[in-house]
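Dear colleague,

My notes on what was found in it follow.

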Amino acid sequence: MNQQMRYALHAVASRRSDRIGLHGMRIAIAIIFLWIGALKFAPYEADSITPFVANNPALSLFYAHPDQYARHLTREGELKPAERAWQTDNNTYGFSRGLGTLELAIGLLTLVGLVSRRWGLPGAVLAFLTPFVTLSFLITTPEAWVPALGDAQHGFPWLSGAGRLVVKDVALLAGAWLVVVDSARAVLRHVEENEASTASSGVPARQSWIAR
């Protein structure tokens, strides 16, 4: 192996590179939740998640008429006043705004982890738990799979556009777990340092909410 390649590998394998990767993951998770969370306040985005919500045994309880959703679906960018009125009556937009608020909170908390991993830990945990819900849509949502309309490829394992969108959350799941682990280690290190300081001096160390 030549010297230049060795230097490059050492740079990539350094602890600093590890830290850059974890902070980059925090930023990536925050972008996903902040952007998608903000879109939840737009009617077209609320309409597009209707099949996922209406077919989920727990989330469908937030809709007034989940069994009727298929008759009122619209394509993104399409405006049909009658369908928009039905979605309003169905509480599609109320639920979407609530979900968007939660996603914005997760994104902000995860982003705060750049300066305080103690405060960022709840965001990381929620970011890790969220994909368990979204990935369950592969089981509960018929629209996640190619429908049987004559082509040979339909049903499992042939993911539709909606299914391909959902399955990508496995990467979010893994990334969020790395952030959870990093945050938990920082919090434990912070607690142990305080305990050691108290044991040696007999005076409790001044508590700080910033766990680096």
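I32 sits in helix α2, where helices (H or I, at least four residues) and strands (E, at least two) are DSSP runs numbered from the N terminus. This residue is partly exposed, with a relative accessible area of 40%; on the scale used here, buried means under 20% relative accessible area, exposed over 50%, and partly exposed in between, with a 1.4 Å probe and protein chains only. Please keep in mind that this is a predicted model, in which local features need pLDDT of at least 70 and side-chain atom pairs count only at pLDDT 80 or more, while totals for chains, interfaces and linings use all residues. Residues are numbered from 1 along each chain as its sequence is written, and side-chain values use heavy atoms, with hydrogens and water left out.

I32 belongs to a nonpolar surface patch that it forms with I27, I31, W35, I36 and L111, and together they have about 540 Å² of accessible area. Helix α2, residues 15–39, gives the most to this patch, with five residues. A patch is made of residues with over 30% relative accessible area and no salt bridge, like charges being joined within 9 Å and nonpolar side chains (Val, Leu, Ile, Met, Phe, Trp, Tyr) within 5 Å; a salt bridge is a side-chain nitrogen of Lys or Arg within 4 Å of a carboxyl oxygen of Asp or Glu. Accessible areas come from the Shrake-Rupley method with a 1.4 Å probe, and for residues only the protein chains shown count as cover.

Leaving aside neighbours within four places in sequence, L138 is in contact (heavy atoms within 4.5 Å) with A144, W145, L159, G163, V166 and V167.

As for the chain as a whole, there are ten helices and zero strands, and 34% of its 212 residues count as buried. Its C-alpha trace spans about 70 × 50 × 25 Å along the principal axes, and its accessible surface comes to about 12,900 Å², of which 67% belongs to carbon and sulfur atoms.

With best wishes
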